[in-house]
Amino acid sequence: MDRIDPHAAHAGTDPLRDGDQGAVAGGAPAGTFDPWRYRDTAGVADADLVGYKVEASDGGVGKIDSASHEVGGSYLVVDTGPWIFGKKVMLPAGTVNLVDHDQRTVSIDRTRDQIKAAPEYDEASHSDPTYRDQLGGYYDETYGALPPGTAR
């Protein structure tokens, strides 16, 4: 499958549909977004991503402070540095579009504003199911903020 490009235009009215089966790059079933699973096409494997730069669709976000490869619970914690006053953000693995190991860069399919508006990272409760549901729900809803005719 091709990697997801949030700016690519598609001919169909619903970029998630493939026939009537629905498909999203990375193996998400029936067009659903799985926030806690890296896409198969992202190139993550079990690589140590700590220290990699994170690029949103419209610019740099920061550097990865920690990364998880938990089955069904993978995520990145990104130190945003001065961009949003040194705040850390937690990005579900499903937002990762592509990893460039040569450049040590992780591209995500969200904008800087979408990341800035995300629920605040709480180190003490990052593994709490309620917090994860809230964060996963936020990133699932942000797909609706992409312009019509763009891929998820």
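Student: In which strand does Asn97 lie?
Tutor: Asn97 lies in strand S5. Bear in mind that this is a predicted model.

Student: What makes Asn97 count as buried?
Tutor: Its relative accessibility is 6%. Buried means under 20%, so Asn97 counts as buried.

Student: How far is the C-alpha atom of Asn97 from that of Val44?
Tutor: The two C-alpha atoms are separated by 9.6 Å. Along the chain, the residues are 53 apart.

Student: What is the order of the elements?
Tutor: From the N terminus, they run β-β-β-β-β-β-α-α. That gives 6 strands and 2 helices. The chain has 152 residues, of which 43% count as buried.

Student: Now the charges. Why are Asp40 and Arg37 called a salt bridge?
Tutor: Their side chains meet at 2.8 Å, N to O. The cut-off is 4 Å between a side-chain nitrogen of Lys or Arg and a carboxyl oxygen of Asp or Glu. The pair therefore qualifies.

Student: Are these two residues buried or exposed?
Tutor: Asp40 is exposed, because its relative accessible area is 56% and the class begins over 50%. Arg37 has 33%, so it counts as partly exposed.

Student: How do you know that Arg132 and Glu70 form a salt bridge?
Tutor: Their closest N and O atoms are 4.0 Å apart. The definition asks for within 4 Å, and the pair is listed as a salt bridge.

Student: What does this pair tie together?
Tutor: Arg132 lies in helix H2, and Glu70 in the loop between strand S2 (59–68) and strand S3 (75–79). The pair therefore ties together parts that are 62 residues apart in sequence.

Student: What are the accessibility classes of Arg132 and Glu70?
Tutor: Arg132 is buried, with a relative accessible area of 10%. Glu70 stands at 42%, so it counts as partly exposed.

Student: What makes Asp109 and Arg110 a salt bridge?
Tutor: Their side chains meet at 2.5 Å, N to O. That is within the 4 Å cut-off, so the term applies. Asp109 is buried, with a relative accessible area of 1%. Arg110 is buried too, also with 1%.

Student: Which residues are linked in a network of salt bridges?
Tutor: Arg39, Asp109 and Arg110 are linked in that way. A search of the whole structure finds 5 salt bridges.

Student: Which residues gather in a patch of negative charge?
Tutor: Glu120, Asp122, Glu123, Asp128 and Asp133 gather in one on the surface.

Student: Which other residue is found in the loop between H1 and H2?
Tutor: Pro119 is found there. At 18% relative accessibility, Pro119 counts as buried, because the cut-off is under 20%. Pro119 and Leu135 are 16 residues apart in sequence, with 6.2 Å from C-alpha to C-alpha.

Student: What does the side chain of Gln114 reach?
Tutor: It reaches the backbone nitrogen of Thr111 at 2.9 Å. A polar contact needs N or O atoms within 3.5 Å, so the distance passes. Gln114 is found in helix H1. Gln114 is buried, with a relative accessible area of 10%.

Student: What is noted about the phi of Ala45?
Tutor: Its phi is positive, about 50°, although Ala45 is not a glycine. Most residues other than glycine have a negative phi. Ala45 lies in the segment before strand S1 (53–56). With a relative accessible area of 66%, Ala45 is exposed.

Student: Where is Arg104, and what is its phi?
Tutor: Arg104 sits in the loop between strand S5 (96–100) and strand S6 (105–108). Its phi is positive, about 55°, and Arg104 is not a glycine.

Student: Why is Arg104 called partly exposed?
Tutor: Its relative accessible area is 39%. Buried ends under 20% and exposed begins over 50%. Arg104 falls in between, so it is partly exposed.

Terms used: Residues are numbered from 1 along each chain as its sequence is written. This is a predicted model: local features need pLDDT of at least 70, side-chain atom pairs count only at pLDDT 80 or more; totals for chains, interfaces and linings use all residues. Side-chain values use heavy atoms; hydrogens and water are left out. Patches are made of residues with over 30% relative accessible area and no salt bridge: like charges are joined within 9 Å, nonpolar side chains (Val, Leu, Ile, Met, Phe, Trp, Tyr) within 5 Å. Accessible areas come from the Shrake-Rupley method with a 1.4 Å probe; for residues, only the protein chains shown count as cover. Lys and Arg count as positive and Asp and Glu as negative; His and the chain ends are not counted. The place of a charge is taken as NZ of Lys, CZ of Arg, CG of Asp or CD of Glu. Buried means under 20% relative accessible area, exposed over 50%, partly exposed in between (1.4 Å probe, protein chains only). Helices (H or I, at least four residues) and strands (E, at least two) are DSSP runs, numbered from the N terminus. A polar contact is a pair of N or O atoms within 3.5 Å; within protein, one must be able to donate a hydrogen and the other to accept it, and residues adjacent in sequence count only if both atoms are side-chain atoms.
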